[in-house]
Amino acid sequence: MNLPLEYMKIIKYPNDILTTPCLPVEINDEVEDFVWEMVKFMKGGSLWGTVTGLAANQVGKNWRIFVLNTGKDPYDAKIYINPEMPWMTKAPKNIYTEGCYSLTDNQFYHTNRAPSIRLKWQDIDRVWHEERFNGVMAQVIRHEYDHLEGHLCVPKDMLDANQKS
């Protein structure tokens with residue numbers, strides 16, 4: 001299935017899919033096609049700024065999938081399917097500045113993130129991996145992982161207050 005890039009649209013808060021935990025998926029042809037469409041969409045330049053990552057629920061699927069941009073080639077991407085986070089350091093959290101495509105365009109937010117995490121996930125070939133990530137990579141992965149958990153990088157009450165003003 002080669003869907004046009006217009007097929008995917010960024011879902012914006014307060015859409016409920018962004019605050020609902022995503023479901024694990026069985027990797028099949030439909031999931032594989034969707035993942036490659038996510039990668040193409042992420043790299044297609046249709047989003048503001050440099051795209052670092054994209055979670056499935058940000059483009060309308062309640063699936064536990066996110067992809068990260070790892071280079072200029074259209075298929076230079078890291079794919080994380082059914083990720084789990086079995087460990088996060090108890091060390092003091094770092095303060096990062098993050099943007100989010102599902103929130104207000106070109107607005108950045110301060111977030112507190114653990115400087116080190118461990119992630120377990122499947123790749124597109126159904127192989128399980130587990131790896132420790134530190135620093136900025138931990139931040140980026142945690143941001144996308146939080147999307148799958150139904151969390152945004154800004155507290156919901158702050159977002160709701162901004163929606164009313």
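Predicted model: local features only at pLDDT ≥ 70, side-chain atom pairs only at ≥ 80, totals over all residues.
Residues are numbered from 1 along each chain as its sequence is written, and side-chain values use heavy atoms, with hydrogens and water left out.

Among the residues buried in α1 are Val31, Phe34, Val35 and Met38. An α-helix has 3.6 residues a turn, so residues three or four places apart point the same way. Helix α1 covers residues 29-43, and its 15 residues reach 21 Å from the first C-alpha to the last, close to the 21 Å expected at 1.5 Å a residue. At the start of α1, the backbone nitrogen of Glu30 has a side-chain oxygen of Asn28 within 3.0 Å.

The strands form an open sheet of 5, in the order β1-β2-β3-β6-β7, with antiparallel pairing, where two strands pair if DSSP finds at least two bridges between them. Its edge strands, β1 and β7 (128-134), each pair on one side only. Within the sheet, β3 pairs with β6 (residues 116-122) in the antiparallel sense over 4 bridges, and Arg118 in β6 is the bridge partner of Trp87.

Helix α1 packs on this sheet, and its direction makes about 35 degrees with that of β2, angles running from 0 to 180 degrees between N-to-C directions of lines fitted to C-alpha atoms, for helices over the stretch in contact. Helix α2 (residues 135-148) lies across β1, β2, β3, β6 and β7, and runs at about 150 degrees to β2.

Terms used: Helix = DSSP H or I, 4+ residues; strand = E, 2+ residues; numbered from the N terminus. Expected span 1.5 Å × (residues − 1). Buried < 20%, exposed > 50% of the residue type's maximum accessible area, 1.4 Å probe, protein only. Polar contact = N/O pair within 3.5 Å; in protein donor to acceptor, adjacent residues only side chain to side chain. Contact = heavy atoms within 4.5 Å.
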